[in-house]
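Here are some notes for a colleague who is opening this structure for the first time.

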Amino acid sequence: MGKDVIIACDFADGKTCLEFLGKFTEEKPFVKIGMELFYAEGPAIVRALKSRGHKVFLDLKLHDIPNTVKKSMAVLADLGADIINLHAAGTRAMMEAALEGLTRPDGTRPLLIAVTQLTSTSQERMRDELLIDRPLDEVVLVYAQNAKAAGLDGVVCAAPEAGKIHAHCGKAFLTVTPGIRFADGDKGDQVRVMTPADAKAVGSDYIVVGRPITGADDPVAAYRRCVNEFVG
Ligand code: C5P
């Protein structure tokens, strides 16, 4: 899979999501389904999106003991998801077990990427509540290296971190980056943002774009603008 724009479908129910995607008559965007929609609709929403021809990034951020994650990943791989994620904090043993679980009987498997530290976790909270004294950017990088050592395909990261992660983990190690805004757009609650063009320049492999597309007056035009800036 090459560079692509993934639309974050942060909708409360499947009907709204499918109505939204119905606006796209010429292209089949890659979509991200998060916990809210998955918990509301269950596996049926993934099957519905796959049967309509979309690629699906299932953003469920698994984090449990290796055996539980392995078995859960096997269920998710069966749904036909294209990208799945987990927390690198679950340790290498959990990530390796996840990969085993994801591998289908025919040898294929979804891409597996790791969340390092959530962007909502500040340096202070990490130190005071998680008792991790090291600098946040070092923790992000080491977690990414652990993910690579476990055999994962990449990480979710902020666009400014993509270059450093590629430098240490290799160009083929995927960087999937949210926090994308158009130069003339509203930042909303995102703090560190980048335009699709800048994300391309720093080497992001996939950008995850929510409200700049889902909240646009013309979502199809906004999606095409993203694709033109990032891929085109
Ligand atoms: O609407 P917006 O473009 O901000 O959506 C970004 C998407 O990426 C949301 O689904 C959000 O949960 C997700 N995300 C993020 N920052 C992270 C990880 C995931 O914004 N560090």
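1. A polar contact, as the term is used in this note, is a pair of N or O atoms within 3.5 Å. The model discussed here is a predicted one.

2. An N or O atom in the side chain of Lys-32 is 2.9 Å from an oxygen atom of the ligand, and a polar side-chain atom of Arg-181 lies 2.8 Å from an oxygen atom of the ligand. For Thr-119, a polar side-chain atom lies 2.8 Å from a nitrogen atom of the ligand.

3. The residues around the ligand also include Ala-8, Asp-10, Pro-178 and Gln-190, and among them is the run of Val-208, Val-209, Gly-210, Arg-211 and Pro-212.

4. Turning to helix packing, helix α4 (residues 66-78) and helix α5 (residues 91-102) have axes that come within 7 Å and cross at roughly 30 degrees. Because angles under 35 degrees count as roughly parallel, α4 is described as roughly parallel to α5. Their crossing is right-handed, and the residues of the contact comprise ten nonpolar, one polar and two charged.

5. The axes of helix α7 (residues 136-149) and helix α8 (residues 159-169) come within 10 Å and cross at roughly 45 degrees, and the two helices are therefore oblique to each other. The crossing of α7 and α8 is right-handed. On the α7 side the contact is made by Asp-137, Val-140, Leu-141, Ala-144, Gln-145 and Lys-148, while α8 contributes Glu-161, Lys-164, Ile-165, His-168 and Cys-169; by class, five are nonpolar, two polar and four charged.

Key
Residues numbered from 1 in each chain as written. Predicted model: local features only at pLDDT ≥ 70, side-chain atom pairs only at ≥ 80, totals over all residues. Heavy atoms only, no water. Axes fitted to C-alpha atoms, helices over the stretch in contact; angles between N-to-C directions. Helix = DSSP H or I, 4+ residues; strand = E, 2+ residues; numbered from the N terminus. Parallel < 35°, antiparallel > 145°, perpendicular 65-115°, else oblique. Left-handed = near helix turned anticlockwise from the far one by under 90°. Nonpolar A, V, L, I, M, F, W, Y, C, P; charged D, E, K, R; others polar. Near = heavy atom within 4 Å. Polar contact = N/O pair within 3.5 Å; in protein donor to acceptor, adjacent residues only side chain to side chain. Contact = heavy atoms within 4.5 Å.
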